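Subject: Structure handover

Hello,

Please find the structure below. My notes on what turned up in it follow.

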Amino acid sequence: MKRLELIMGRNIPDAGRVSDQMMNDFIKSEIMPHFDYGTFIDGEGFWKGEHEQTKIFYIEVEDSEAIATGVLLKYVADRYRKQFRQESVLVSEVSTQTTFV
């Protein structure tokens, strides 16, 4: 199994932050139509010395689905980056020993 993660910072350069409503709208329009399941976690981090809240979307998939899922996540990351003027959006992939029961 693979865990793919999309980590979205919520600071908007020189324009405040991505509000809960803005994030929820993005999730409904740009993430949910592409995936049948997944998990969201609120987090905190920092980018270039500046503290910021984050929204993390992760999904566990079979190894055979990792490439296609990664392509979708990169598409979503690019949409988020452009919509909220982000310098960078993190997409990561790790191997896991997860099973669905």
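Helix α1 (residues 20-31) packs against helix α2 (residues 66-83) at an angle of about 145°. Their axes are 11 Å apart. Axes are lines fitted to C-alpha atoms over the stretch in contact, and angles run from 0 to 180 degrees between N-to-C directions. Helices (H or I, at least four residues) and strands (E, at least two) are DSSP runs, numbered from the N terminus.

This is a predicted model: local features need pLDDT of at least 70, side-chain atom pairs need 80 or more, and totals for chains, interfaces and linings use all residues. Numbering starts from 1 along each chain as its sequence is written, and side-chain values use heavy atoms, without hydrogens or water.

From α1, Met 23, Phe 26, Glu 30 and Ile 31 make the contact (heavy atoms within 4.5 Å). Their partners in α2 are Tyr 75, Val 76, Arg 79, Tyr 80 and Gln 83. By class, this contact has six nonpolar, one polar and two charged residues. Ala, Val, Leu, Ile, Met, Phe, Trp, Tyr, Cys and Pro count as nonpolar, Asp, Glu, Lys and Arg as charged, and the others, Gly among them, as polar.

Next, salt bridges. The structure holds eight. Each is a side-chain nitrogen of Lys or Arg within 4 Å of a carboxyl oxygen of Asp or Glu. One joins Glu 60 and Arg 3 (2.6 Å, N to O). Glu 60 sits in strand β3 and Arg 3 in strand β1, 57 residues apart, linking distant parts of the chain.

Best wishes
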